[in-house]
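Please keep the sequence and the structure at hand.

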Amino acid sequence: MKVKVTGLLLFLAGLIVLQQVIAFGNQRIEVLEMQSAVIKDRDIDPSALFYTESRLALAAEKQMRHKISAAPAGPR
Amino acid sequence: MAKWTEDTAAILLGFVIIALALAAFLVAPFDEVNASLIAAESRAGFSVDAWSEANDSGNVVTTFLSDTVNGARPGRWGLNPLSAFSIDFVFSAIVLFFFLAILFGAGSLLMRRRGDEFIRGFVFIFAIGILAYLLANQLEFRGMGLGYELWAIVLGLLVSNVFGVPRFVRPALQPELYIKTGLVLLGAEVLFGKLLAIGLPGIFVSWVVTPVVLVTTFWFGQKILKISSKTLNITISADMSVCGVSAAIATAAACRASKEELTTAVGLSMIFTAVMMVALPAFINAVGMPEVLGGAWIGGTIDATGAVVAAGAFLGDTALNVAATIKMIQNILIGVLAFAIAVYWTAKVDNTQGRTVDASEIWHRFPKFVLGFLGASILFSLLIEMLNTNTATVLVENGALDFTSDMRGWLFCLAFASIGLSANFRELKSQFHGGKPLILYVCGQTLNLCLTLFMAWLMFYVAFPDITARLQG
């Protein structure tokens, strides 16, 4: 029983430490701060596995097709 | 009567979900939505996505299905996990639980297993799935891309190694059935019409570099690192070169890799994806690389789509669009990859040396779920081509596929929870013997970074500068 309780407490403590480390990094390290701001502003889910799970990825394809088919080519 | 196996049951269950999605999201609202869309298309400034968002393009049934699958996941939270739960969540979770329990209980019966015992154990696995989604929706974890698949494995391992898995749960521990059904649903998302989204440059960056990196990394693992398990080697190679977790799942199922090998590949992918999502755009920014080149580099090298979008968005809209499109084209490669690996493994690797096998034996050994995966891919690819582009976007991409991809997410989550529950730390630790999987990933990714950058430069700045000019315009 003692092992089970200790294991559970260690797991929960690990989660809290991980969350705090990421939060600290997002506030103190410039590049992480900028990246987390972009993710928040554009409501991106970085864990999306496939393009169908990301609205931005689906929209990106349409914009690419539109740009290639509609706009005249720029100077070489 | 032929015996139902996990493969054939997975095909049946996958197509039951697909049939439900097609009936509810495509057939039922088709006439009404098609007529409204045709009328709206002629108006100035028409945008299909804006139209889709503004108009409830579904009906009571589709709204109910979408809300249930979406709502069964706890919401986002910062410090208080209880804030992630609501009454809607409780209702949706109960409905989804019964749907999946009945569906997979029936699958168990088909495979001559006890359906009632399955449902009892399924309660436990479904609860771990909800906890996995809860942790994935914690704001800091979400921002780093630590998704449900990671948490499902971690929670499963915690239970199995600290508390022990209760006996009543065992009948529901069917990771292969969940994974293979999820892969049949994933097949529906592999749309071959997407291949030409940005013409030849996209194909060269995604479909030429990726197989070269995959084969070279596999060869490196066998000949130089001498990794004893070919299945571990190919799962890591595919996971690193194609598109991360989804490629790892498809490859592991196609070559029958062990659950510990899949867990190792997924763990490596998630760690490196989190690092590369931040490091790669920062480096591109620091050296002043153009957005199109940077976007193509990101799209071809970072594993998960979500992380690709986040890294591309860091650089700007053009980079985001190029990166996401390159990754999407790479995603489509999964279909060919799963089929090729299944054939290669059946005909060559599993074959006793020097022995010739006839076609019937190859067919007997072939993982049949791959046929369901390809069937779903062909069905949806044809469907998209047959429909008007805007109708396909509204009814298929934003409708049926939105539903099947959410269902597929749940099935992968349940699969990883089952994997965690049936694995142990000692077996997992043995996978890392000598650090070879890590070395394989790092060396393969280094080659991937070099080749992708070279090919992106060659395609976008030497061979097709006109396309680059248009993308920048």
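## A buried threonine

Thr210(B) has a relative accessible area of 1%, under the 20% cut-off, so this residue is buried. The model is predicted. Thr210(B) belongs to helix α10 of chain B, which covers residues 199-224.

A polar atom of the Thr210(B) side chain lies 2.6 Å from the backbone oxygen of Ser206(B). Beyond its neighbours within four places in sequence, Thr210(B) touches Val205(B), Ser241(B), Val242(B), Gln330(B) and Leu333(B).

## An enclosed helix

Helix α15 of chain B spans residues 305-315. Eleven of its eleven residues are buried, so the helix is largely enclosed by the rest of the structure. The buried set runs from Thr305(B) and Gly306(B) through Ala307(B), Val308(B), Val309(B), Ala310(B) and Ala311(B) to Gly312(B), Ala313(B), Phe314(B) and Leu315(B).

Which helices pack against the buried residues of α15(B)? Both chains contribute. Chain A supplies α2 (30-41) and α3. Chain B supplies α13 (259-287), α14 (291-301) and α16 (317-349). Gly316(B) follows α15(B), and its phi is positive, near 145°.

## A tryptophan in α14

Helix α14 of chain B, one of the elements packed against α15(B), holds Trp297(B). Is Trp297(B) buried or exposed? Its relative accessibility is 7%, so Trp297(B) counts as buried.

Leaving out neighbours within four places in sequence, the contacts of Trp297(B) are Leu280(B), Phe283(B), Ile284(B), Met289(B), Leu449(B), Thr452(B) and Leu453(B). Leu280(B) is 17 residues away along the chain, and the two C-alpha atoms are 8.9 Å apart.

## The crossing of α13 and α19

α13(B) also meets helix α19 of chain B, residues 389-422. The two axes come within 10 Å and cross at roughly 115°. The crossing is left-handed.

From α13(B), the contact uses Lys259(B), Glu260(B), Leu262(B), Thr263(B) and Val266(B). From α19(B), it uses Phe416(B), Ile419(B) and Ser422(B). By class, that makes four nonpolar, two polar and two charged residues.

## Confidence in chain A

Chain A has an average pLDDT of 87. A score of at least 70 is reached by 92% of its residues.

Where in chain A is confidence lowest, and where highest? The lowest mean, 87, belongs to helix α3 (residues 55-70). The highest, 92, belongs to helix α1 (residues 2-28). α3 of chain A is also one of the partners of the buried residues of α15(B).

Notes. Residues are numbered from 1 along each chain as its sequence is written. Chains are lettered from A and ligands numbered from 1 in the order in which they are written. This is a predicted model: local features need pLDDT of at least 70, side-chain atom pairs count only at pLDDT 80 or more; totals for chains, interfaces and linings use all residues. Side-chain values use heavy atoms; hydrogens and water are left out. pLDDT is the predictor's confidence in each residue, from 0 to 100. Helices (H or I, at least four residues) and strands (E, at least two) are DSSP runs, numbered from the N terminus. Buried means under 20% relative accessible area, exposed over 50%, partly exposed in between (1.4 Å probe, protein chains only). Contact means heavy atoms within 4.5 Å. A polar contact is a pair of N or O atoms within 3.5 Å; within protein, one must be able to donate a hydrogen and the other to accept it, and residues adjacent in sequence count only if both atoms are side-chain atoms. Axes are lines fitted to C-alpha atoms, for helices over the stretch in contact, and angles run from 0 to 180 degrees between N-to-C directions. A crossing is left-handed if the near helix is turned anticlockwise from the far one by less than a right angle, and right-handed if clockwise. Ala, Val, Leu, Ile, Met, Phe, Trp, Tyr, Cys and Pro count as nonpolar, Asp, Glu, Lys and Arg as charged, and the others, Gly among them, as polar.
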